[in-house]
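Hi,

Here is the structure I promised to pass on.

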Amino acid sequence: MMNETGTGHDEHQTPPAADPGGTPAAADTRERDTRQWAMFIHFSILAGWVIPLAGLIVPILLWQLKKDELPGIVPHAHIVLNWIVSSLVYGMICFILIFLVIGIPLLFALCIVTIVFSVIGGLKANDGIVWEYPFTLIKVFK
């Protein structure tokens with residue numbers, strides 16, 4: 001029987017191993033923290049709209065600061081970093097295409113897609129789902 005997290009554990013099975021606190025409440029807190037920080041990593045891409053280059057630096061900083069404490073955020077960080085690499089490549093292509101006029105609407109579309117993907121990824125992370133961004137060129141980080 002599948003539970004709401006999709007792990008297949010039901011109420012008759014022993015619960016997964018908890019963190020060093022050892023209590024179910026501590027495990028719940030750890031899971032909530034993992035989901036929250038994963039959401040922050042996705043949303044941190046949007047920091048670049050406020051401070052230049054922050055959308056590149058903040059996700060990496062959050063990942064590096066929390067990866068040992070909350071290993072569940074690592075897949076989310078890899079997805080975000082793969083999107084950053086892909087969007088940089090897309091941005092360079094759009095910049096080149098500005099001379100052909102088509103680059104301007106493509107840059108606008110790239111901005112919209114980045115906002116939409118980071119919001120969807122953050123909301124799904126908060127629900128405990130790892131959502132890979134579409135149109136990612138390569139999987140650099142795994």
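Let me start with a helix pair: α1 and α2 cross in a left-handed way. (Left-handed means that the near helix is turned anticlockwise from the far one by less than a right angle, and right-handed that it is turned clockwise; helices are DSSP runs of H or I with at least four residues, strands are runs of E with at least two, and both are numbered from the N terminus.) Residues W37, F40 and I41 of α1 make the contact with P59, L62, W63 and K66 of α2, where contact means heavy atoms within 4.5 Å.

Before the rest, a word on what you are looking at. This is a predicted model, in which local features need pLDDT of at least 70 and side-chain atom pairs count only at pLDDT 80 or more, while totals for chains, interfaces and linings use all residues. Residues are numbered from 1 along each chain as its sequence is written, and side-chain values use heavy atoms, with hydrogens and water left out.

Back to that pair. The axes of α1 (residues 24–43) and α2 (residues 54–66) come within 8 Å and cross at roughly 155°; axes here are lines fitted to C-alpha atoms, for helices over the stretch in contact, and angles run from 0 to 180 degrees between N-to-C directions. So α1 is roughly antiparallel to α2. (The cut-offs: under 35 degrees is roughly parallel, over 145 roughly antiparallel, 65 to 115 roughly perpendicular, and the rest oblique.)

Helix α1 also meets α3 (residues 74–97): their axes come within 9 Å and cross at roughly 5°, so these two are roughly parallel to each other. On the α1 side you'll find A38, I41 and H42, and on the α3 side H76, A77, I79 and V80.

As for the whole chain, there are four helices and zero strands, running α-α-α-α from the N terminus on. If you take contacts between residues at least 6 apart in sequence, 60% of them join residues at least 24 apart.

T114 sits in helix α4 (residues 103–126) and is buried, at 11% relative accessibility. Its side chain reaches the backbone oxygen of L110 at 2.9 Å, a polar contact (a pair of N or O atoms within 3.5 Å; within protein, one must be able to donate a hydrogen and the other to accept it, and residues adjacent in sequence count only if both atoms are side-chain atoms). Beyond its neighbours within four places in sequence, T114 touches I45, W83 and S87.

The other one, T136, lies in the segment after α4. T136 is buried as well, with a relative accessible area of 15%, and its side chain reaches the backbone oxygen of Y133 at 2.9 Å. Setting aside neighbours within four places in sequence, T136 is in contact with N82, W83 and S86.

Cheers

Key:
Buried < 20%, exposed > 50% of the residue type's maximum accessible area, 1.4 Å probe, protein only.
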